[in-house]
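Trainee: Hello! Could you walk me through this one step by step?
Mentor: Gladly. Have a look first, and then ask away.

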2 protein chains.
Amino acid sequence: MAELASLLAGIVGAAHVLTGDQVPAEYSHDEALGVDARMPGCVVMPASTGEVAGIVKVAAAHGAPVTARGGGTGMSGGAIPAQGGIVMSFERMDAIVDIDTVNHVAVVQPGVTLARLDVATAEAGLVYPVFPGENSACLGGNVATNAGGMRAVKYGVTRHQVLGIEAVLASGEVIRTGGRFVKESTGYDLTQLIVGSEGTLALVTEATLRLYPRPELQATLLAPFGTLEQVTRAIPEIVASGAEPLVLEYIDMLSMAAITAQADIGLGISDQIRATAQAYLVLMLEGYQPGRLETDTEVVGELLAGLGALDVYVLPPHSARQLLEAREKAFWVAKAAGADDIVDIVVPRSALPRFFARVAQISQEIGPSLVAGCGHAGDGNVHLAVFQPDPALRSHLLRELFTAGLSLGGTISGEHGVGIAKQRYFLEFTDPVKIGLMRRVKQAFDPQGILNPGVLLDRLGSSDG
Amino acid sequence: MAELASLLAGIVGAAHVLTGDQVPAEYSHDEALGVDARMPGCVVMPASTGEVAGIVKVAAAHGAPVTARGGGTGMSGGAIPAQGGIVMSFERMDAIVDIDTVNHVAVVQPGVTLARLDVATAEAGLVYPVFPGENSACLGGNVATNAGGMRAVKYGVTRHQVLGIEAVLASGEVIRTGGRFVKESTGYDLTQLIVGSEGTLALVTEATLRLYPRPELQATLLAPFGTLEQVTRAIPEIVASGAEPLVLEYIDMLSMAAITAQADIGLGISDQIRATAQAYLVLMLEGYQPGRLETDTEVVGELLAGLGALDVYVLPPHSARQLLEAREKAFWVAKAAGADDIVDIVVPRSALPRFFARVAQISQEIGPSLVAGCGHAGDGNVHLAVFQPDPALRSHLLRELFTAGLSLGGTISGEHGVGIAKQRYFLEFTDPVKIGLMRRVKQAFDPQGILNPGVLLDRLGSSDG
């Protein structure tokens, strides 16, 4: 490692390589639950694509594993390095290269945070519409995990916004794909293959992202319902209405109590309704014209009432912002409450009622365990906080939850990714023919296996295994 | 071939295998210009995924090339078989498996035409938003080329609608990807890798497609401009206005004269304006509420006038439909007029004025040649009909046009694909590192090279070479 570190220092300067005891513990983990941290042998902080390429060439020559790291906010362990390997931290590559107001694109380096991009795009009257909930997350990680979030129901996920990338391959070669346009039909879509590949195919050093005109007006509706089933049955009706909600979230009773208590939000809900409501729907509309937004809000409010809402609250802007921010922090609340794992299952919208019925059964049968949730109901993407301290029971519970989601035509992860945390389930539940194809694709990109080994397809003996 | 045909007849029945003189000439070509037809050794027409898998296994055992064929409407020669190879025609696999009104998806077999899907979705109040212009095209081919069309400016291209597929691999194994949901982060996106791969990675036997609520109201505006440059400068302003046009097309003077003469459309344009206008913008808005659509139409009309339109016509529905249909047939008009090639270049919207200036120069310098055009200006996607009968001059001209597009940050094809027709340019202009990656991906999927050899990456000595 000493020789390797010295070669890396030759590329980025000694001040930008940390080894041994100099490496802060934060580089050994991300925010995934149930996964052990692993200390890297060194952390290297490049300042340019050329430096990234140089580092990868050195790593390739030494057969040393390289794990990319942005904000470290990932939920699947995708930024956990191989023990003793290299962490490539993009904290110095944090330039917003361009906000292009004519083509409506942003060009960013991987270390740019969502928070900074949001400020920069707002100044131009534009918006990057992916809000996965943690604004200290970096774009590099968002691209690597195909991050989603609340607004995907209207704008789609990260994949739909990435128009092109610059990436360093495992050979140290640099490629550029796509550009400041939406359409292309010239061979295999390398952009889309690298998006969501969790750092195992290439290191993204720049991304060209789609922006949209930023509607200035928003309205937030909160609707308590007597049952979770009513909420889930309301979802397809709202989508079918053509209302195009920006946000369409469900929050179950437990989660609502936890996140509002934590954030001390007064939503004006009467005690009687609070006592009756088993679940809530949060719906946000946006627009350019006050009159239209007002009408839309009324129409959707009536729709919600017709679908069985106990009441419909149009939240004042301050409360709305508080509630949405609190909802985005639901993971932290769950973590603080001692949640043992978080799952991120997707099912077709139509299957949500059956899925939740099955979740209730499973959590009774196994343990019993406590399973509370909220999520992107408009997309059928459910985040469940699982409270079950016994590892064997918890693993059984998770397996049953995944089986329930998959048997309803769903998938194991909507936006958190597989990483290390969900790897055993991914490998267990995915058709071996597809795993074989993915392994051959990995081989095509990274024959030595130096990019993020242990994540996604590989097993490196994680403690979860 | 006799032995092979007999094995194939054993799978699909003798009535569904054509060999030798039985093979109609139409199976030897698609609609690409400047590419030689090649007669297949046989045409086989499977009725099920199981039969497709059986056919591929037989082909693999014999090392026989397999070319998928849908409607035969492709523009790049992607459905032209290897001489003496197998054409897999999906004409019998034309079932609309499901129109799911809750999850808003259609599940279709590859032989379903866009025309039939549009009727079926309309009955459900939904729409599949990709209208590439030729409604006899099949969904299989649309998926293979990542088809685009006029409405991509609002809804995106085929890639954005394909939520999952069933596909037969070169080994004869069958995989299923994705599902009736929009979000997924579970490994490499095999769906997006196969979309746009022009039949070279796998044979798609079923696609799950995203549908949208179908707005019932549309308004079409036609705006003549004094110069093409004014049209191209207007484009970004319209996109930035938040008007969200469904269609945003430009038509140059020559193309407008040709397509309206062909279709005998009266648009109510005065002779004086017709004599002055160098280019036209066609803009379509859609909505659910008559009052809003009326207001939007007025706002956009004023915007167009402010951007220098000579006049703004709100077309009556009948004329609007005629004009749009005629525009969609522009390729046929160009072909009938003797066009020698069609190009499908994309540039960033902001680069359209510079691109057209360069096109004018190039067409004067080389020949001179006649280059007329229309296209999806909102996406920066330009279709140019090239009239230059001399092959060497034409090839020089095309190379210069591609160079111009690429140097402005564009790409060679937005929606027609590479196929055989644009292969030499694709291989010449694409970074060899990316070509190498794509070849390794091809190898990972199809190590024997039996799926559509000669298309995209391979050269089989096409006459265009």
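Mentor: One term before we start: a residue is buried under 20% relative accessible area, exposed over 50%, and partly exposed in between. Keep in mind that this is a predicted model.

Trainee: Thanks! Is A:Lys335 buried, partly exposed or exposed?
Mentor: Its relative accessibility is 33%. That value falls between the cut-offs of 20% and 50%, so A:Lys335 counts as partly exposed.

Trainee: Which residue forms a salt bridge with A:Lys335?
Mentor: Side chains of opposite charge can pair when their charged atoms come close. Here the closest N and O atoms are 2.9 Å apart.

Trainee: Which residues are linked in a network of salt bridges with A:Arg180?
Mentor: Begin with the salt bridge between A:Arg180 and A:Asp100, at 2.9 Å from N to O. A:Arg180 sits in the loop between strand S9 (174-178) and helix H7 (190-194) of chain A, and A:Asp100 in strand S5 (residues 96-100), so this pair joins parts 80 residues apart in sequence. A:Arg180 is partly exposed at 27%, whereas A:Asp100 is buried at 9%. The residues linked with A:Arg180 in the network are A:Asp98 and A:Asp100.

Trainee: Are A:Arg327 and A:Glu249 buried or exposed?
Mentor: These two form a salt bridge, with their closest N and O atoms 2.8 Å apart. A:Arg327 is in helix H12 (residues 317-328) and A:Glu249 in strand S13 (residues 247-252), both of chain A, so parts 78 residues apart in sequence are tied together. As for accessibility, both residues are buried.

Trainee: Now helix H3 (residues 114-123) of chain A: how wide an arc do its buried residues cover?
Mentor: The buried residues of this helix are A:Leu114, A:Leu117, A:Ala120 and A:Thr121. An α-helix has 3.6 residues a turn, so residues three or four places apart point the same way.

Conventions
Residues are numbered from 1 along each chain as its sequence is written. Chains are lettered from A and ligands numbered from 1 in the order in which they are written. This is a predicted model: local features need pLDDT of at least 70, side-chain atom pairs count only at pLDDT 80 or more; totals for chains, interfaces and linings use all residues. Side-chain values use heavy atoms; hydrogens and water are left out. A salt bridge is a side-chain nitrogen of Lys or Arg within 4 Å of a carboxyl oxygen of Asp or Glu. Buried means under 20% relative accessible area, exposed over 50%, partly exposed in between (1.4 Å probe, protein chains only). Helices (H or I, at least four residues) and strands (E, at least two) are DSSP runs, numbered from the N terminus.
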